[in-house]
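Here are my notes on this entry, point by point. Please read them with the model open.

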Amino acid sequence: MADTFDLIVLGSGPGGYVAAIRSAQLGLRTAIVEREKLGGICLNWGCIPTKALLRTSEIYHYLTHASAYGLTAEKVGFDLAKVVERSRKVAGQLNAGVKGLMMKNKVTVVEGEGALAGKGKLVVTKDGAKTELQAKHIIVATGARARELPFAKADGERIWTYRHAMVPKEMPSKLLVIGSGAIGVEFASFYSDLGAEVAIVEMLPRILPVEDEEISAFMHKALTKQGLTIHVGAGVEKLEASKNGVRAAIKGADGKTVAAEFSHAIVAIGIVPNTENIGLEALGVKTDRGHIVTDGYGRTNVEGVYAIGDVTGPPWLAHKASHEGIVCVEAIAGLKPHPFETWNIPGCTYSRPQVASVGLTEAKAKESGREIRVGRFPFIGNGKAIALGEAEGFIKTVFDANTGELLGAHMVGAEVTELIQGYAVARQLETTEAELIETVFPHPTLSEMMHESVLDAYGRVLHI
């Protein structure tokens, strides 16, 4: 006889495990199915361990520039194996934390490969044995995996996906990064700070293409100044791995193709949703280019089947998945939450310098037909930034000129991934420029630049 639950979650990433916790909090008998490790890609192979790596490279950068702070650091070096070990320990600690949360909330954890097997049925396979689970509601939270080049599959030796790049067997001497989204730029920054010669190839006209154009341009200059080589409007037409390295044929924006040699290559060209072999086709669940189609409550076109996170539409971010999961579960429980929307989801890139944004870019705001006001404030005008030795960057705000609505905010510089939430809260509360101008920001802090950027949009900037 099948085990019966009120709700089953297939996948335990930041969307799945958060949905399971909220479900249990609301009194639903809940099970979660996971084929690998609790916490999914984000916790085990993505968001968290990459930040541990980036923290190491950041500290290494400061050590190698100790003289700028009046300090002396001799014989600075690193042990790559220990760097990786620290990152894996961080992931392991958080994986154990998720296990504890499942126990605390009395969520049943079922290990194995799960697949929908009819209305309200899920079959889990582990080591050849099958377990049937039943529930009125099933949430698919199977996430996504790295997209690979069709002509050069990752081998883990010379051609890497992000998973290989997180546990390198050796330090690249000359690294090719294909793709300049957040993942590509973060790994480019990490390996560059540790001493690798890094080149980025981006097929679109600018790096970090989803960001505001001014942010992209600033990052291009900043990374180039750090020694990275950046090719935009370019593509890799051929990638051949050998025992000793990688040979790439790079077609530039001028249409010319040149050959280049690298020790390793990272492919960071997007994701593929994990929708295969989980029973979607048999039930008739609608997908769009592989991603499951849902409404604002995570509901699919099939009654009783829901989907959240990277297996659905963009943006493909952990915090989006978590919030989607909460909305979905609360709707299932009859709490009538607000439908999930994507208009106020911050995006962050944890490179050096960092990038963060929320809302509309200047270009998108203009495309919407609005009359806008734009404010900017540079890090060089902020006392805390100068004291930190982090005077590189700026903050940009975009307002509706008629209503004062904060349409978007865009940042590049030290710790902006921590600052951006201030603007996200302001947008959620429908704050206008008037409230932001009247808000008192503490001194000396980096957050004062947020205030100054607003002031600048209205001709009242003080410190430039």
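1. Burial and surface. Of the 464 residues in the protein, 50% count as buried. Bear in mind that this is a predicted model. The accessible surface of the protein comes to about 22000 Å². Carbon and sulfur atoms account for 53% of that surface.

2. Overall build. The protein has 14 helices and 24 strands. Its radius of gyration is 24 Å, close to the 23 Å that the globule rule gives for 464 residues, so the protein is as compact as a globular protein of that length. Along the principal axes, the C-alpha atoms fill a box of roughly 70 × 60 × 45 Å. Take the contacts between residues at least 6 apart in sequence: 62% of them join residues at least 24 apart.

3. Charge. The protein carries 49 positive and 53 negative side chains. The centres of the two sets lie 4 Å apart. The structure holds 25 salt bridges.

4. Helix 9. Lys320 and Glu324 form a salt bridge through their side chains, at 3.2 Å from N to O. Why are these two residues about one helical turn apart? They sit four residues apart in helix 9, which covers residues 318–332, so about one helical turn separates them. Both Lys320 and Glu324 are buried.

5. Glu362 and Lys366 are joined by a salt bridge, with the closest N and O atoms 3.1 Å apart. Both belong to helix 10 (residues 362–367), and being four residues apart they are separated by about one helical turn. Glu362 also forms a salt bridge with Arg376, where the closest N and O atoms are 3.6 Å apart. Arg376 is in strand 22 (residues 372–378) and Glu362 in helix 10, so this pair ties together parts that are 14 residues apart in sequence. Through shared partners, salt bridges join Asp212, Glu214, Glu362, Lys366, Arg376 and Lys396 into one network. Within it, is Glu362 buried or exposed? Glu362 has a relative accessible area of 15%, under the 20% cut-off, so it is buried. Arg376, at 30% relative accessibility, counts as partly exposed.

6. Val33. This residue belongs to strand 2 (residues 30–34). Its relative accessible area is 1%, so Val33 is buried. Which residues does Val33 touch, leaving aside those up to four places away in sequence? They are Ile8, Val9, Leu10, Gly11, Ser12, Val110, Gly112, Gly114, Leu122, Val124 and Leu133. One of these, Gly114, is 81 residues from Val33 along the chain, yet their C-alpha atoms are separated by 6.6 Å.

7. Asn95. Helix 4 (residues 80–104) contains Asn95. Its relative accessibility is 10%, so Asn95 counts as buried. Beyond residues up to four places away in sequence, Asn95 touches Lys37, Leu38, Leu43 and Asn44.

8. Asp193. Helix 6 spans residues 182–193 and includes Asp193. With a relative accessible area of 11%, Asp193 is buried. Not counting residues up to four places away in sequence, it touches Ser57, Tyr60, His61, Gln226 and Arg352. Between Asp193 and Gly13, 180 residues apart along the chain, the C-alpha separation is 30 Å.

9. Cis peptide bonds. The bond from Pro314 to Pro315 is cis, with omega near 0°. Pro315 lies in the loop between strand 19 (305–307) and helix 9. His443 and Pro444 are also joined by a cis peptide bond, with omega about -5°. Where is Pro444? It lies in the loop between helix 13 (433–438) and helix 14 (448–457).

10. Positive phi. Lys106 is not a glycine, but its phi is positive, about 60°. Lys106 is in the loop between helix 4 and strand 3 (108–111). It is exposed, with a relative accessible area of 71%. Glu415 is not a glycine either, and its phi is positive at about 60°. Glu415 is in the loop between strand 24 (406–413) and helix 12 (416–428). At 35% relative accessibility, Glu415 counts as partly exposed.

Definitions and conventions: Residues numbered from 1 in each chain as written. Predicted model: local features only at pLDDT ≥ 70, side-chain atom pairs only at ≥ 80, totals over all residues. Heavy atoms only, no water. Rg over C-alpha atoms; globule rule 2.2 N^0.38 Å. Buried < 20%, exposed > 50% of the residue type's maximum accessible area, 1.4 Å probe, protein only. Contact = heavy atoms within 4.5 Å. Areas by Shrake-Rupley, 256 points an atom, 1.4 Å probe, with all protein chains shown as cover. Lys, Arg positive; Asp, Glu negative; His and termini not counted. Charge placed at Lys NZ, Arg CZ, Asp CG, Glu CD. Salt bridge = Lys/Arg side-chain N within 4 Å of Asp/Glu carboxyl O.
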